[in-house]
Amino acid sequence: MIKTKKKDKWIKLICGASNEDIVAIEDLCAIYTAAGIDYIDVAAEESIVQAAKKGIEWAKDIFKNSPGLMISISDGNDIHFRKAKFDPLKCPPHCPRPCEKVCPTFAIDNSGIKESKCYGCGRCINSCPLNLISEYEYNLSKDDLASTLHKIKPDAVEIHTEINRIDSFTKVVSIIKSSQTKLEKISISCGLNQSVKKWQEPEDLLKALWERYEILNELNIPLIWQLDGRPMSGDLAPTTSRDTVKLFERIGSHLPPGLIQLAGGTNEKTHEFLKSNNLPDGIAFGSSARKIMQPLIEFANKNNKRLYDYPEKMALAINKAQKFLEPWKMS
Ligand code: SF4
Ligand code: SF4
């Protein structure tokens with residue numbers, strides 16, 4: 001097992017495993033590269049990766065930062081690989097449209113949900129008083145994993161897994177191994193299912209991660225354990241990250257060798273909730289990082305432009321992103 005160094009500490013932007021809004025992804029990658037992000041996690045699809053690279057390229061030379069590209073894959077049906085839908089013809093004409101109000105990407109209008117703009121956060125699903133909104137599985141990768149890895153050649157891979165999916169996890173690892181893709185890191189993203197029917201304890205997660213460590217150890221690639229406190233909860237409230245922090249405090253010191261990264265409900269409050277003498281190696285931001293940029297990105301998008309075509313607004317976006325990342329950059 002390769003030993004990891006302190007300089008590996010980082011901040012990751014999660015663009016979304018089912019996010020295919022190419023315009024927004026390009027802008028997000030440009031903004032957060034400029035603000036100093038260390039890794040960017042995107043869907044395992046060539047056109048998305050190209051959009052991300054374009055955004056990074058825009059910022060790279062000016063801001064002297066070149067984040068690594070990570071792709072998200074899954075070893076089975078997974079909540080991160082979904083979208084939402086509803087039939088607008090079933091909506092009553094006077095509905096105050098809470099679904100539209102809660103959507104962070106402005107994916108909802110009178111004609112329903114625009115598939116390419118939905119990344120499956122789930123916020124709208126519980127907002128509909130008539131329960132008209134449902135979710136469906138959506139995996140952007142149209143190729144098998146080996147071809148995807150050959151085409152994209154990512155710097156890192158994140159495997160989304162669940163506690164009881166050890167067999168399919170083993171298969172995914174063996175594909176990665178035989179593809180001989182040169183990876184800087186492999187991240188394992190796993191959370192707890194705490195629904196009434198499938199209640200899982202942090203100790204179950206710990207056991208599952210050690211099992212995965214045994215499988216991954218022979219690859220000799222640095223590992224990241226991504227603790228997904230509230231997987232795709234869709235909840236953007238400041239206190240949401242408390243669950244993630246609690247999980248980290250409970251099992252963080254017992255995890256297998258590797259880096260620890262927090263995700264799932266992470267937001268601008270996460271840093272405050274953590275003890276300053278016990279911070280994780282990395283933090284990953286998804287919805288919270290995207291939401292603060294979305295109005296600016298929409299503005300450019302409506303005019304068929306990229307945000308960096310508007311230097312003043314781009315500067316504003318970069319400033320916002322820097323402020324958002326500041327507590328972690330200072331740690
Ligand atoms: S709220 Fe989330 S799940 Fe619903 S349409 Fe918007 S992005 Fe998709
Ligand atoms: S909240 Fe439900 S009923 Fe109202 S517009 Fe949205 S999907 Fe339709």
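By class, the shell around ligand 2 splits into 9 nonpolar, 1 polar and 1 charged residues; here Ala, Val, Leu, Ile, Met, Phe, Trp, Tyr, Cys and Pro count as nonpolar, Asp, Glu, Lys and Arg as charged, and the others, Gly among them, as polar. The names around ligand 2 include Cys91, Cys95, Cys99 and Cys128, along with Phe86, Arg97 and Ser127. A residue makes the list if its C-beta atom, placed from the backbone, lies within 6 Å of the ligand.

Before going on, some housekeeping: this is a predicted model, where local features need pLDDT of at least 70, side-chain atom pairs count only at pLDDT 80 or more, and totals for chains, interfaces and linings use all residues. Residues are numbered from 1 along each chain as its sequence is written, while chains are lettered from A and ligands numbered from 1 in the order in which they are written.

Ligand 1 has 14 residues around it, the closest being Ala84, Cys103, Cys118, Cys121 and Cys124. That shell comes out as 10 nonpolar, 3 polar and 1 charged.

How does the chain divide up? The domain assignment (automatic or from a database) gives domain 1 as 6-80 + 139-330 and domain 2 as 82-137. Their C-alpha centres sit 24 Å apart. The contact between them (C-beta atoms, placed from the backbone, within 7 Å) takes 16 residues from domain 1 and 13 residues from domain 2. On the domain 1 side, α9 (287-291) and α10 (294-302) each supply at least two residues, and α9 gives the most, with 3 residues. By class, that side has 2 nonpolar, 9 polar and 5 charged residues.

Now for the cores, meaning sets of buried Ala, Val, Leu, Ile, Met, Phe, Trp, Tyr and Cys residues joined through C-beta atoms within 7 Å. Buried means 20 or more other C-beta atoms within 10 Å of a residue's own, exposed means 12 or fewer, and partly exposed is in between, with C-beta atoms placed from the backbone. The largest core has 77 residues, and Ile31, Tyr32, Ile40, Val42 and Ala52 touch the most other members. Helix α1 (residues 22-35) gives the most to this core, with 9 residues; helices are DSSP runs of H or I, at least four residues, strands are runs of E, at least two, and both are numbered from the N terminus. Apart from that core lies another, of 11 residues, among them Ala84, Cys103, Ala107 and Ile113.

Lys64 sits in the loop between α2 (46-63) and β3 (68-74).

Note on methods:
Contact = placed C-beta atoms within 7 Å.
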